[in-house]
Amino acid sequence: MPLSRKVVENINLSGGSFLGVSRGGAKTSEIVDSIQCRKRKLKVSVVAVPKTIDNDILFMDKTFGFDTAVEEAQRAINSAYIEARSAYHGIGLVKLMGRSSGFIAMQASLSSGQIDVCLIPEVSFTLDGEHGVMRHLEHLLEKKGFCVVCVAEGAGQDLLQKSNATDASGNVILSDFGVHMQQKIKSHFKDIGVPADVKYIDPTYMVRACRANASDAILCTVLGQNAVHGAFAGFSGITSGICNTHYAFLPITEVITKPKRVNPNSRMWHRCLTSTGQPDFH
């Protein structure tokens, strides 16, 4: 696809991927052919930009798409809050994206100020027992009459049955913790004879299938410009990004070694806990 100025004009105003996406990788030879390097003697710079709403790229302060996803996630949280507050013993439950990293759930919970319990993959928890999530939900209903829970999709996988199935990219297909949580809450309160009205919201792809906000639009523009500068400077096998508040070039081989995850001892996670007021579920 020839990327002329006319073709890419106003591309920053559109959501999604202009070039398209897929699960599973193509053969390297096909990729090389598609960028017209059939002679194989033509030097080509491979320069990446970090695009993922999960914000889970190692060494990166932030990836573009993340701010927009958090902003959209707040809409789902606010809807759950309104539904829960309006119902007798209402419990709003929101599941957000985040396979191995809970950055979206954490930041959306913190920014909304409406979440009572935030569960992420990096922090283990128990659902039952004296210090479990269910007991805390009982306390919240008794104390204020409703509550709102936010979970990342990868949370609580140790509590679910594993299928070991993988998708075309080799990623393990996760069990649906959101649905499990919904059913668990319903059955728990039924067993103890306390009415509870669960409102489950799963926005899934809605948090990423939207136009980038101003913050992300600026970030991706700068990262794109830096990527071009890097290519013209003769670099290859690098990605542009923000590292420790500075725009920098980083080796692709280093940033893909493992995903960045929420540090349970970080100030940001503790700020989230202060906002929700949740205890340690152990």
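Asp197 and Lys199 form a salt bridge, with 3.3 Å between their closest N and O atoms. The model is predicted. A search of the whole structure finds 9 salt bridges. The largest nonpolar core holds 28 residues. Strand β2 is largely enclosed by the rest of the structure, because 7 of its 7 residues are buried.

**Salt bridges**

- Asp197 is partly exposed, at 30% relative accessible area.
- Lys199 is also partly exposed, at 24% relative accessibility.
- Glu72 and Arg75 meet through their side chains in a salt bridge of 2.9 Å, N to O.
- Glu72 and Arg75 sit 3 residues apart in helix α3, so about one helical turn separates them.
- Lys144 pairs with Asp116 in a salt bridge, the closest N and O atoms being 2.7 Å apart.
- Lys144 belongs to helix α5 and Asp116 to the loop between α4 and β3, so this pair ties together parts 28 residues apart in sequence.

- β2 runs parallel to β5 (residues 197-201), and 5 bridges join them.
- Gly90 has Asp197 as its bridge partner in β5.
- β2 also pairs with β4 in the parallel sense, over 6 bridges.
- Leu93 has Val149 as its bridge partner in β4.

**Nonpolar cores**

- In the largest core, the residues with the most contacts inside it are Leu96, Ile104, Cys118 and Trp269.
- Two or more residues each come from α3 (66-86), β2 (90-96), α4 (103-112), β4 (147-152) and α9 (267-276).
- Helix α3 gives the largest share, 8 residues.
- Cys118 is in contact with residues beyond four places in sequence, among them Ala105, Met106, Cys150, Trp269 and Cys272.
- A second, separate core has 22 residues, including Ile91, Leu119, Phe189 and Val198.

**Nonpolar surface patch**

- Met1, Leu3, Val7, Ile11, Phe18 and Leu19 make a nonpolar surface patch of about 600 Å².
- Ile11 lies in the loop between α1 (5-8) and α2 (28-34).
- Ile11 counts as partly exposed, at 35% relative accessibility.

Note on methods: Residues are numbered from 1 along each chain as its sequence is written. This is a predicted model: local features need pLDDT of at least 70, side-chain atom pairs count only at pLDDT 80 or more; totals for chains, interfaces and linings use all residues. Side-chain values use heavy atoms; hydrogens and water are left out. Patches are made of residues with over 30% relative accessible area and no salt bridge: like charges are joined within 9 Å, nonpolar side chains (Val, Leu, Ile, Met, Phe, Trp, Tyr) within 5 Å. Accessible areas come from the Shrake-Rupley method with a 1.4 Å probe; for residues, only the protein chains shown count as cover. A salt bridge is a side-chain nitrogen of Lys or Arg within 4 Å of a carboxyl oxygen of Asp or Glu. Helices (H or I, at least four residues) and strands (E, at least two) are DSSP runs, numbered from the N terminus. Buried means under 20% relative accessible area, exposed over 50%, partly exposed in between (1.4 Å probe, protein chains only). A nonpolar core is a set of buried Ala, Val, Leu, Ile, Met, Phe, Trp, Tyr and Cys residues joined through side-chain atoms within 4.5 Å. Contact means heavy atoms within 4.5 Å. Two strands pair if DSSP finds at least two bridges between them.
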